[in-house]
2 protein chains.
Amino acid sequence: MEIDLSKPILDRNERLAAENRAELDKHGVFVLDLMASPGAGKTSTILATIAALRDRYRIAVIEGDIASKVDAEKVKAHGIPAVQINTGGACHLESDMIKRALGALPLDELDLIIVENVGNLVCPTDFYLGENAKVMILSVPEGHDKPYKYPGIFQVSEAVILNKIDTMPYFDFDEEEFTSVVRSLNPKSPIFRIAATKGEGVDEWAEWLAARIEAVKAEADAT
Amino acid sequence: MEIDLSKPILDRNERLAAENRAELDKHGVFVLDLMASPGAGKTSTILATIAALRDRYRIAVIEGDIASKVDAEKVKAHGIPAVQINTGGACHLESDMIKRALGALPLDELDLIIVENVGNLVCPTDFYLGENAKVMILSVPEGHDKPYKYPGIFQVSEAVILNKIDTMPYFDFDEEEFTSVVRSLNPKSPIFRIAATKGEGVDEWAEWLAARIEAVKAEADAT
């Protein structure tokens with residue numbers, strides 16, 4: 001009985017996600033769903049990614065949080081359109097929230113929307129929002145054992161960003177073990193080592209993202 | 001319609017939590033529900049708390065994780081009974097999981113059970129497990145803005161532990177702002193500044209916990 005309770009929610013979410021996807025395809029907008037724990041550096045990574053790609057792409061951000069609008073304000077301060085979603089308690093974004101946020105953005109004038117999901121290594125994993133790619137960030141202070149404990153998010157991510165690598169000397173982070181466990185969960189996805197607030201390693205990650213955007217564009221042009 | 005979906009789950013959870021509470025009262029066992037993000041230092045804080053209180057209290061640990069048993073093994077290595085719960089995806093513990101874990105522990109030979117909830121600043125907030133107190137940990141690398149974004153967990157916590165204070169020089173953590181926002185959300189709960197892996201500040205936190213245990217005992221003796 002209990003297992004079935006989540007099914008209607010997930011079914012409705014999938015249906016609305018497909019509608020989001022169709023709308024985004026119509027306007028040729030790529031959507032990245034960025035997931036991480038609270039404080040792993042999602043907003044800093046978004047700001048660094050914007051700095052790397054704003055000359056090439058027209059970018060907007062959808063910020064998901066339980067409460068507050070501090071992140072959207074940080075993004076807007078850089079002259080980038082941002083929509084804040086407050087989930088009011090829910091631990092992840094759902095398609096209907098994204099649908100409303102898309103309605104508030106000028107889709108015809110955008111190439112890339114970065115969605116900052118709610119800080120959480122669990123809930124966002126199961127919810128397709130209509131995005132082109134899910135990417136996760138783990139930060140060095142969280143510890144190298146996280147892939148053991150939260151395997152799902154490592155498995156659904158098309159790329160893994162290891163952030164705050166500049167703090168490696170202050171933490172007991174076994175990068176070899178981390179890399180090997182991530183590899184066992186997800187053999188294909190690249191791992192990008194960055195220090196978002198310092199700009200370190202951001203170019204490599206941004207180039208990967210740009211290549212993904214171009215691949216989707218090429219596919220759309222071919223059909 | 002959707003809002004009602006969570007109600008039967010929460011109702012059942014509350015009923016089983018009350019059963020847990022009755023069973024724990026019968027044996028005079030105090031239960032602490034420890035909540036935090038992934039990597040905030042829950043297990044390190046538990047090990048430091050055990051070191052501080054094991055001469056006074058007979059302690060056991062219930063470890064909650066999505067997957068893996070690494071935390072329970074760390075605790076057992078210190079000669080402390082530990083039960084691992086794998087939620088298999090769920091982002092928080094529920095009363096039925098605790099009920100099964102209690103069945104596996106020698107309650108007559110225990111004074112204190114520390115429950116390490118799943119790494120998450122959202123989901124564990126709403127679920128009463130039959131514990132005597134909920135306490136949360138925030139770690140310095142997560143950032144001082146977390147109370148804005150996750151107000152609920154700061155509000156339900158009877159004490160707030162600020163961990164990894166030894167890394168303060170390497171992060172842009174505004175402790176004054178942090179303290180003031182926590183105070184506005186929760187004027188009563190103490191904030192303990194600790195560095196769990198270094199043992200720093202642990203005594204003050206452990207004494208607070210001991211005082212809470214003694215207060216519950218005194219109340220039980222009086223009735």
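This is a predicted model: local features need pLDDT of at least 70, side-chain atom pairs count only at pLDDT 80 or more; totals for chains, interfaces and linings use all residues.
How many residues does helix α8 of chain B have, and how far does this helix reach from its first C-alpha to its last? Residues are numbered from 1 along each chain as its sequence is written, and chains are lettered from A in the order in which they are written.

Chain A holds eight helices and seven strands (DSSP runs of H or I with at least four residues, and of E with at least two). Because a compact globule of 223 residues would have a radius of gyration near 17 Å, the 17 Å of chain A agrees with that (taken over C-alpha atoms, the rule being 2.2 Å times the number of residues to the power 0.38). Of these 223 residues, 57% are buried, meaning under 20% relative accessible area with a 1.4 Å probe, protein chains only. Among contacts (heavy atoms within 4.5 Å) with a separation of 6 or more, 72% join residues 24 or more positions apart.

Now to the helix in chain B. Helix α8 covers residues 202-222, so 21 residues, and spans 30 Å, close to the 30 Å expected at 1.5 Å a residue (1.5 Å times one less than the number of residues). Its buried residues include B:W205, B:W208, B:L209 and B:I213. In an α-helix, residues three or four places apart point the same way, because there are 3.6 residues a turn. The buried residues of α8(B) pack against β1, α2, β4, β5, β6 and β7 of chain B.

Methods:
Side-chain values use heavy atoms; hydrogens and water are left out. Buried means under 20% relative accessible area, exposed over 50%, partly exposed in between (1.4 Å probe, protein chains only).
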